[in-house]
Amino acid sequence: MRVSDLAERYGTPLYVYDAAVIRQRCADLAAWDTVRFAQKACSNLAVLDLVRREGVLVDAVSHGEIARAIAAGYPTTAAPQTNPDALPPADPIVYTADIFDRESLEAVVRHGIHVNCGSADMLDQLAERVPGAHVTLRINPGFGHGHSQKTNTGGEGSKHGIWHEDVPDVLRRAEWAGLSVSGLHMHIGSGTDLEHLATVADALEKTAREIGRSLTTISAGGGLPVPYRADEPRPDLSGYFTLWDTTRKRLEDAFGHRIRLEIEPGRYLTAESGALITEVRAIKRQGSKKYLLVDAGFHTLARPVLYGSYHPMSLAPAAQPPSGHEAVAIGGPLCESGDIFTQEEGGFVSTRDLPPARVGDLLIIEIAGAYGFVMASNYNSKPFPAEVLIDAGQSRLVRARQTAEDLLRGESVTGLPES
Ligand code: LLP
């Protein structure tokens, strides 16, 4: 499918996802008992529906994400266990958070959603509403790692999870509250690497032994890396699975029953499926630097401005381009200097080598299918872009572009008389 056809049909800026890539990424993880999609990475209903059909379950971090999972066809509760020798059934939707905001607690209670508790206060709040519930504990093992300090979710510098040294106290608190701890979860960060992720298995095993026989599910969390740069390797998924499978088997031997092994990827399932199509709207020189200004900005894709993240970019020229390459900085339309896609962490403007562009050419920002649309904002009163899913050679609009009316919905003026 030609990028220019998509731009013409749906307009720009436009997020486009390739269903075949998402299916492949789901299949890559087939060895795990449960693949649970961290939908915060890309929560469009069509994407949730797609991964559901691939047998992938889902994580929700808010009542909004619970509503999305239900709208995409997920059942809310697990099927009862009929065969005691089989793996324990998996909860289709798990609410994972460090707090219950009031709406999320209501949604969890109303739908009977399984909860992964990142703070001890959540245990008491849940027990009051759902006496005798089974819960998962999210433990902060005291270390973490991510592509940025902002995505490191372990150690003292992170607000996430129950501190590993507090496990005995928290188990007592759960028991008093009448809750049963059936799951254990650790997620040390996003955009990390397998070396760091591998260290989690030992930490989890140690905590699992403190919890004991009530455990039926362990989760390795998310964090699987994807190669954003051409020279980055793909992760060795089979080695990673074997490590966790061995941990799981040791716990099964210790507890004398089967244990379900989960993984909770976000980025891995959707990042490479997605591209952001933008149009070059102005080209200018500021001293020695040349800038291409496109119609997407950090309100459309926030990763470069937030973390200095690198995304591959390519040009789809409207006409035969002049030969050669040139170094250009690429920015968006926002009234803020930081609205630059080519930047390092700390906000330093860098450049990208591209063929000489003309106004009207399309610029494609690649590997944008995770933490792309979902982190978009209405800053500068810019509408959210449209989203399109391509499947079997057909493109389908799965989220309409916001209109000016959408932007103003719910607001009102005071109605005071004019002076
Ligand atoms: N599980 C939990 C509890 C998480 O907090 C996250 C991500 C995941 C799983 C999925 O992690 P992944 O497999 O995608 O690495 N906005 C940042 C990423 C923030 C991730 C937040 N939590 C970015 O654009 O890189």
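This is a predicted model: local features need pLDDT of at least 70, side-chain atom pairs count only at pLDDT 80 or more; totals for chains, interfaces and linings use all residues.
Residues are numbered from 1 along each chain as its sequence is written, and side-chain values use heavy atoms, without hydrogens and water. Local features need pLDDT of at least 70 and side-chain atom pairs pLDDT 80 or more, whereas totals for chains, interfaces and linings use all residues.

**Ligand site**

Around the ligand stand 20 residues, of which H147, S190, E264, R303 and Y371 come nearest; a residue is near if one of its heavy atoms lies within 4 Å. By class, this shell holds five nonpolar, ten polar and five charged residues; Asp, Glu, Lys and Arg count as charged, Ala, Val, Leu, Ile, Met, Phe, Trp, Tyr, Cys and Pro as nonpolar, and the others, Gly among them, as polar. The table gives polar contacts, that is, pairs of N or O atoms within 3.5 Å.

| Residue | Protein atom | Ligand atom | Distance |
|---|---|---|---|
| G223 | polar backbone atom | oxygen | 2.8 Å |
| E264 | side-chain N or O atom | nitrogen | 2.6 Å |
| R267 | polar side-chain atom | oxygen | 2.8 Å |

The protein covers 92% of the 590 Å² of accessible area that the ligand has on its own (Shrake-Rupley method, 1.4 Å probe).

**Helix 9**

Helix 9, a DSSP run of H or I with at least four residues, comprises the 19 residues 237-255. Its first and last C-alpha atoms are 27 Å apart, close to the 27 Å expected at 1.5 Å a residue, taken over one less than the number of residues.

Terms used:
A polar contact is a pair of N or O atoms within 3.5 Å; within protein, one must be able to donate a hydrogen and the other to accept it, and residues adjacent in sequence count only if both atoms are side-chain atoms. Helices (H or I, at least four residues) and strands (E, at least two) are DSSP runs, numbered from the N terminus.
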